[in-house]
Amino acid sequence: MTEATARRGATDLADKAAERDTYARLAAPFDTTFTDVRGGVELTYITGEQTVSRLNDVLGVGGWSFRVLQHDINVEADEAWALGELVADIDGSTVVRQQFGSQKIKRSRSTGAPLDVGFDLKGAATDCMKKCASLLGVGLYLSRKEIVQHPRAVGVTLTCEECGAELKETKFKDGTTWTPAQLASHGRRKHGKALCMDDYRRANEAKKASILTA
Ligand SMILES: [Zn+2]
């Protein structure tokens with residue numbers, strides 16, 4: 001190996017390390033996240049502001065740009081959608097990512113007329129930007145969770161981490177129903193794991209008992 005190739009090798013390694021570091025900083029978890037329930041499924045998300053701040057912090061204000069390539073209102077779905085493109089300078093190389101985003105049209109309760117189509121399009125563009133940024137790792141870990149919380153959509157069966165039983169839809173006396181995904185999400189939040197209804201109740205009892213004896 002000549003001195004020149006050795007030096008080039010060292011630079012390559014340094015570049016690779018810097019790239020890993022940039023990726024780690026882009027993909028780092030957020031201190032604050034938000035949750036929303038859509039179609040009975042709990043979603044965890046970050047805001048557009050958090051996404052912009054992360055990109056500014058890690059890449060610099062001049063280190064990235066976002067533009068909307070196409071947008072429209074889909075009447076059938078009653079939503080605004082946007083196709084956008086994020087261009088980022090990652091450690092000297094230009095990275096381009098495209099994604100779609102959408103937002104439901106907000107309508108007046110009394111007349112059903114759209115309240116502010118500009119706002120709906122802006123929401124679609126923000127959603128689009130967040131999805132583009134997720135392709136660079138920003139908040140990507142949140143969509144991983146999303147897959148776990150959409151067992152029907154991806155055909156995954158949720159099982160109890162205690163006994164291995166398949167999680168079933170549970171109806172309560174008051175008429176509410178928990179989907180397997182909801183049961184899993186309640187279990188994870190309260191007891192740190194997905195539990196079948198029997199084990200969920202047992203864990204609740206055990207927790208109650210430990211609080212009483214404490
Ligand atoms: Zn169980």
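A residue counts as buried here if 20 or more other C-beta atoms lie within 10 Å of its own, as exposed if 12 or fewer do, and as partly exposed in between, with C-beta atoms placed from the backbone. Helices are DSSP runs of H or I with at least four residues, strands are runs of E with at least two, and both are numbered from the N terminus.

Some ground rules. This is a predicted model, where local features need pLDDT of at least 70, side-chain atom pairs count only at pLDDT 80 or more, and totals for chains, interfaces and linings use all residues. Residues are numbered from 1 along each chain as its sequence is written.

Now, α3. It is mostly covered: 13 of its 18 residues are buried. From first C-alpha to last, α3 reaches 26 Å, close to the 26 Å expected at 1.5 Å a residue. The expected span is 1.5 Å times one less than the number of residues.

Helix α7, residues 197-213, has 17 residues. It is hardly covered: the count of buried residues is one. Its span is 24 Å, close to the 24 Å expected.

Next, packing. The axes of α2 (residues 48-59) and α3 (residues 117-134) come within 9 Å and cross at roughly 45°. That makes α2 oblique to α3. Angles under 35 degrees are roughly parallel, over 145 roughly antiparallel, 65 to 115 roughly perpendicular, and the rest oblique. Axes are lines fitted to C-alpha atoms, for helices over the stretch in contact, and angles run from 0 to 180 degrees between N-to-C directions.

Who makes the contact? On α2, Gly-48, Thr-51 and Leu-55; on α3, Thr-126, Met-129, Lys-130 and Ala-133. Contact means C-beta atoms, placed from the backbone, within 7 Å. These residues divide into three nonpolar, three polar and one charged. Nonpolar covers Ala, Val, Leu, Ile, Met, Phe, Trp, Tyr, Cys and Pro; charged covers Asp, Glu, Lys and Arg; the others, Gly among them, are polar.

Now the backbone. Most residues other than glycine have a negative phi. Asp-78 has a positive phi, near 55°. It is found in the loop between β3 (64-74) and β4 (79-90). With 13 C-beta neighbours inside 10 Å, Asp-78 is partly exposed. Asp-91 also has a positive phi, about 50°. Its loop lies between β4 and β5 (93-104). Asp-91 has 17 such neighbours, so it is partly exposed.

Last, Tyr-141, in helix α4 (residues 140-148). Tyr-141 and Pro-29 are 112 residues apart in sequence and 7.4 Å apart in space, C-alpha to C-alpha.

Definitions and conventions
Two residues are in contact if their C-beta atoms, placed from the backbone, lie within 7 Å.
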